[in-house]
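Visitor: I have a structure to go through with you. Could we start with the salt bridges and then move on to other topics?

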Amino acid sequence: MRDGLALRPVGEDALLVEADCTERAESLYAHLLARRSELPEITEIVPAARTVLLDGIADRAALARQLADWQVSLHPPADGPLVEVPTAYDGADLPEVAALWDVSVEAAVRIHAAPEYRVAFCGFAPGFGYLTGLPARYEVPRRDTPRSSVPAGAVALAGPFTGVYPRSSPGGWQLLGRTTLALWDARREPAALLAPGVRVRFLPVRAPR
Amino acid sequence: MTALQVVRAGPLTTVQDLGRRGVAHLGVPRAGALDEPALRAANRLVGNAPGAAGLETTLGGVALRATAAAVVAVTGAPAPVRVAGRPAAWGAPVGVPAGAVVEIGAATYGVRSYLAVAGGIAVPELLGSRSADLLSGLGPAPLAVGDLLPVGQAAGPYPPVDLVPLPAPPGELVLRLRLGPRADWFTAEAVAGLARSRYQVAEASNRIALRTEGPALARAREGELPSEGMVLGAVQVPPDGRPVVFLADHPTTGGYPVVGVVPGPDLAAAAQARPGTPIRFALLRA
């Protein structure tokens with residue numbers, strides 16, 4: 001393939017398309033969804049940090065031939081729906097993150113709430129979106145020791161990604177705050193508010209008493 | 001409506017069909033019966049569609065009281081079957097009178113038995129499936145004593161005769177392995193040696209993965225792999241070097257390199273291999 005994309009066969013009927021960066025992987029995912037009807041049947045299209053997995057392909061050889069001619073730009077379309085996440089910035093790790101950024105806690109909140117994020121991919125748990133958009137200089141490491149239980153609705157940060165824990169689970173990300181928005185409800189349509197391509201804004205609110 | 005009431009839940013009994021498809025991009029595992037051919041066979045014996053929901057037991061069986069007359073079939077791991085206290089056939093349709101208890105005993109070999117009931121287990125669908133997904137807690141919870149499982153309307157007369165091939169006991173588990181997508185993260189010697197190495201099924205195996213004990217697979221490169229999509233049968237290698245074979249409840253993405261993928265048809269045997277069973281990987285060249 002052209003432009004920083006490579007194909008790796010997976011098992012009998014899947015292909016991993018590898019991109020040179022998260023932005024191109026996101027862009028590739030958007031292209032694949034837009035042109036799905038022209039492609040052989042595919043059961044799952046799973047974007048991730050640098051790759052898109054195509055699983056359950058009806059005709060893998062034909063699909064590989066089609067993809068060989070694709071050119072995928074670096075600029076993902078920004079027209080996904082917008083989800084606003086009201087967030088009380090009172091997380092246990094907020095002071096530590098502010099210190100890592102060398103700013104006040106108030107400034108750290110402004111920095112985190114400033115960008116428009118985008119869901120690059122989901123995983124870890126149903127409805128957990130990996131959000132990109134925070135400038136690279138604000139990347140922070142995971143916690144050395146993961147917490148055995150992170151509360152549902154926790155807004156957290158690690159590496160290049162921000163995320164919101166849809167339900168209580170173990171987790172090693174730095175906790176900045178929390179939201180009462182239900183990000184995942186299997187009985188709702190859509191079940192996941194944060195699907196790949198969705199745009200996200202965090203709105204600072206006062207902590208509910 | 002007919003229902004099955006749980007009299008004895010067994011160590012782990014879940015409702016399973018053929019699983020959830022098309023939602024991996026939301027982080028939702030596929031779930032579904034680990035020994036899919038066994039569930040399909042049980043459904044065929046009672047005249048259900050192949051994808052009807054049944055029960056998957058784990059080693060210790062299950063006991064259920066039918067609130068109205070029902071027809072059931074048990075397949076998968078061979079186990080004694082009793083209806084109203086009397087021995088009944090394994091691998092054949094069995095009538096259960098109203099109020100009688102159908103009981104699956106401990107598996108004589110293998111791990112997972114399947115019970116299909118004419119009409120199927122009719123718990124509500126969630127994202128296109130009735131399966132319990134133990135990784136993310138979607139679908140019906142594992143059975144507990146007293147649970148009432150609704151049974152759907154039977155399609156019609158069930159086939160009077162059918163054949164369920166009895167799988168040979170898995171004395172040794174041979175898993176074919178198609179190398180990739182990240183075989184290049186391991187040394188050539190380690191990959192070549194994989195076919196000669198002897199592994200065993202680890203105690204920690206479950207619906208998420210068949211875990212192994214054996215020699216660690218040496219990495220050719222250090223560093224972390226950015227998370228990428230995972231398929232059923234993917235053999236992921238965590239930092240301890242012991243291969244982990246992903247089964248139906250596997251996570252949709254993962255951050256450890258996948259040395260190869262076990263083809264779907266080999267996974268039913270993997271689902272029936274008890275801890276301690278020797279494993280051999282037979283390499284398939286891409």
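Visitor: Which residue forms a salt bridge with A:Arg143?

Guide: The partner is A:Asp93, and the closest N and O atoms are 2.8 Å apart. Please keep in mind that this is a predicted model.

Visitor: Where do A:Arg143 and A:Asp93 lie in chain A?

Guide: A:Arg143 belongs to the loop between strand 7 (125–132) and strand 8 (147–150), and A:Asp93 to the loop between strand 5 and helix 3, so the pair ties together parts that are 50 residues apart in sequence.

Visitor: And is A:Asp93 buried or exposed?

Guide: A:Asp93 counts as buried, at 2% relative accessibility. A:Arg143, by contrast, is partly exposed, with a relative accessible area of 26%.

Visitor: What does B:Glu172 pair with?

Guide: B:Glu172 forms a salt bridge with B:Arg280, with the closest N and O atoms 3.3 Å apart. This pair links distant parts of the chain, 108 residues apart: B:Glu172 is in the loop between strand 11 (148–150) and strand 12 (173–179) of chain B, and B:Arg280 is in strand 20 (residues 278–284).

Visitor: Let us turn to the interface. How many residues of chain B are in contact with chain A?

Guide: On the chain B side there are 31, in contact with 35 residues of chain A. The two chains bury about 2500 Å² between them, 61% of it on carbon and sulfur atoms. In chain B, the residues that lose the most area to chain A are B:His25, B:Leu26 and B:Pro181, together 22% of what that side buries.

Visitor: How many salt bridges are there between chain B and chain A?

Guide: The count is 3. One of the salt bridges in the model joins the side chains of A:Glu18 and B:Arg182, at 2.9 Å from N to O. The side of chain B that touches chain A is made up of 15 nonpolar, 10 polar and 6 charged residues.

Visitor: What else does A:Glu18 bridge to?

Guide: A:Glu18 also forms a salt bridge with A:Arg8, with 2.9 Å between the closest N and O atoms. Through shared partners, A:Arg8, A:Glu18, B:Arg182, B:Asp184 and B:Glu228 are joined into one network.

Visitor: What does A:Trp101 touch?

Guide: Leaving aside residues up to four places away in sequence, A:Trp101 touches A:Ala108, A:Ile111, A:Leu134, A:Tyr138, A:Val140 and A:Leu157. A:Ala108 and A:Ile111 are among the buried residues of helix 4 of chain A.

Terms used:
Residues numbered from 1 in each chain as written. Chains lettered and ligands numbered in written order. Predicted model: local features only at pLDDT ≥ 70, side-chain atom pairs only at ≥ 80, totals over all residues. Heavy atoms only, no water. Contact = heavy atoms within 4.5 Å. Buried area = accessible area lost by both parts, 1.4 Å probe. Salt bridge = Lys/Arg side-chain N within 4 Å of Asp/Glu carboxyl O. Nonpolar A, V, L, I, M, F, W, Y, C, P; charged D, E, K, R; others polar. Buried < 20%, exposed > 50% of the residue type's maximum accessible area, 1.4 Å probe, protein only. Helix = DSSP H or I, 4+ residues; strand = E, 2+ residues; numbered from the N terminus.
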